[in-house]
Structures are given as C-alpha cells and as structure tokens.
Amino acid sequence: MQGIAHHHITASSFSARTACSRARAREAAAVLAVAAAVGSLIAALPAQAQTPASPDASSSPWRIYAGSAHIGFSTSAEVRAGGQIVPGASAKADSNDSIGFGAIYDFHPGWSAELALGLPPTTALKGTGALAGAGTLGKVKYGPAVLSVRRQLWDGGPVRPYIGAGINYTLVLESRDGFVSDLHVKNGIGPVLQAGFEVPLDVRWSFFVDAKKIWLKTTATGTLPALGGAPAHAKVRLDPLVVTAGVSYRF
C-alpha cells in the first residue's frame, strides 16, 4: 500500500510539474510573441518617419503657375497744357483682364521668392473732371513684372495663407494717340504688397488666389491738337490692384 501511495504521489508530482512546465512554456511563448510584435512595431516606426510621403514632390523647390488676372486701377493725374496746370483736370484708366503666370522658388522653410508676369494688356486713359469731354486721351499697352518675397503663415491644413512684399516694374510697350497726339508714356516702378492663399489638390497641384497692391507712378507727354498743338504733360498715379486665381504645379 505504501508503494502504491508513493507511486501515486510521484506520478501526481510529475504531472503537476509537467503541467507547470507547459504553462510556463505557453507564457514564455506568449511573452516572446508580444515582444516580437512590439519589436516589429518599434522597428517599423523610424522607417515610416524617415520615409517622406512623396520624395519626388518634396525634393523640388520650384513651382510654376498660371491663372486669370483682373487689374483694377486707382487713377489720378495732374495735367498741364502749355506749361500751365489745368484746374480740375484728371484721368482714369480702364480695368483689364489678362492671363497671369510666373514662378515660385522655396529658398527656406516658410519663405519663397516669386516672379510674377502676365500677358500684356491694353488700357484706355480717359479724361475726367475738366477733361471729361475729351473722351479717350490715349491707349497704353503694358507688361507688368513683380519680384517679391513671400512668407507662409502656416503650411498645415487645407488652406495655407501667405503674405509678401516686393517691387514692380511696368514696361510700356506701346502708346496710342487719342485726344492727345504723339502720346508717350514712360515705364514705371513701385513697391508691392501681396496676400493670398493656396489650397493643395495633391502633392503637386494647388489652387491659389493672390492679390497684389502696386503703388505706381508714371508721366505722359504729347500735344493737344484741340488747343493748337499746345504741349501736354501729365503726372499719372495708377496704383493698380492685381487679383489672380489659378493653379500651380510643383516639379
């Protein structure tokens, strides 16, 4: 009886030890599995963080753009005829619609340089005040160019606003006579402030709206056949506001 009891106790002890070993093995396997999963996740995180979402799009600092542009003028003028100021005489320039285009270079995070150009439009200069009855004084075909530096206010989110400042140079390509003969309008230069926003469409394409306020003065000379060919001279302030809406593309 004692042998049987001893055998039973020994067998029970062996079974308990075996079950315990199996439990420890299962626990160890579970721990190893969890450790392997966590290790795989930790190993994957740096790789994802170091891999840019779009290497081709993010590697280029260059963008080009094009869109529809509207040019509205805030015009005033000081007009002289025969060397004398004509009291109450002034002028206005008709608004224009054109195609604006240009290039943007991202030279530092949050900072970019922009060269803005446009298809040359033609505006009509018309007399106002004492010259209202003169009608169209002449027409001017011009090519505007703006070089500016822009600051992105923030680059996250669906809408990305920016502000900028720069300088404008307006090249007068052609002057056409009207009430004033032998019309000659000089090129102009002036400061620029701008503001706008971009809406990314994908990693390369964006929609944008941009406004540039330009402070621009020029002079115009000619003769007045209606006054016996008297010389005419005008100091003209144009101060256009250029609003452009279009799309940009990053290389």
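This section describes the cavities, a pocket, the aromatic pairs and selected residues of a predicted model.

Local features were considered only at pLDDT of at least 70, and side-chain atom pairs only at pLDDT 80 or more, while totals for chains, interfaces and linings use all residues. Side-chain values rest on heavy atoms, with hydrogens and water left out, and residues are numbered from 1 along each chain as its sequence is written.

A cavity is a set of points where a 1.4 Å probe fits but cannot get out. Lining residues have an atom within 4 Å of a point. Grid points are joined across faces, edges and corners, and a volume is the space filled by probe spheres set on the points. Two cavities of 30 Å³ or more were found. The largest cavity holds about 450 Å³ of space. Its lining comprises 39 residues, of which Ile71, Tyr142, Pro144, Thr170 and Val242 are the closest to the centre. Strand S8 (residues 136–152) gives the largest share of this lining, five residues. Strands (E, at least two residues) and helices (H or I, at least four) are DSSP runs, numbered from the N terminus. By class, the lining of the largest cavity has 25 nonpolar, ten polar and four charged residues. Here Ala, Val, Leu, Ile, Met, Phe, Trp, Tyr, Cys and Pro count as nonpolar, Asp, Glu, Lys and Arg as charged, and the others, Gly among them, as polar.

The second largest cavity holds about 50 Å³. Tyr65, Ile104, Glu114, Arg150, Tyr162, Glu198, Phe208 and Ser248 line the second largest cavity. Four of these lining residues are nonpolar, one is polar and three are charged. Arg150 lies over the face of Tyr162, at 3.8 Å from the ring centre. The criterion for a charge over a ring is NZ of Lys or CZ of Arg within 6 Å of the ring centre and within 35 degrees of the ring normal.

Five aromatic pairs were counted. Rings of Phe, Tyr and Trp (its six-membered ring) pair if their centres lie within 6.5 Å; planes under 30 degrees apart count as stacked, over 60 as edge-to-face and the rest as tilted. Phe73 and Tyr142 form an edge-to-face pair, with 6.1 Å centre to centre and 75° between the planes. Phe73 lies in the loop between strand S1 (62–72) and strand S2 (76–81) and Tyr142 in strand S8, so the pair ties together parts that are 69 residues apart in sequence. Phe73 is buried, at a relative accessible area of 17%. Tyr142 is also buried, at 7%. Buried means under 20% relative accessible area, exposed over 50%, and partly exposed in between (1.4 Å probe, protein chains only).

Trp205 and Tyr249 form a tilted pair, at 4.8 Å centre to centre and 55° between the planes. This pair links distant parts of the chain, with Trp205 in strand S12 (residues 205–214) and Tyr249 in strand S15 (residues 241–250), 44 residues apart. Trp205 is partly exposed, with a relative accessible area of 39%. Tyr249 is partly exposed at 24%. Ring pairs link Trp205, Tyr249 and Phe251 into a cluster.

The second largest pocket holds about 290 Å³ of space. A pocket is an open set with protein on both sides within 12 Å along at least five of seven lines. Of its 22 lining residues, Val79, Leu131, Leu137, Val180 and Ala234 are the closest to the centre. The elements S2, S8, strand S13 (217–224) and strand S14 (230–237) each give two or more residues to this lining. The lining divides into 18 nonpolar, four polar and no charged residues.

Val180 sits in the loop between strand S9 (160–177) and strand S10 (181–185). Val180 is buried, with a relative accessible area of 11%. Beyond residues up to four places away in sequence, Val180 touches Leu137, Gly222, Thr223 and Leu224. Contact means heavy atoms within 4.5 Å.

Val192 lies in strand S11 (residues 188–200) and is buried at 3% relative accessibility. Lys213 lies in strand S12 and is partly exposed, at 23%. Leaving aside neighbours within four places in sequence, Lys213 is in contact with residues including Val192, Asp239 and Pro240.

Terms used:
On a 1 Å grid over the protein atoms alone, a cavity is a set of points where a 1.4 Å probe fits but cannot get out, and a pocket is an open set with protein on both sides within 12 Å along at least five of seven lines; lining residues have an atom within 4 Å of a point.
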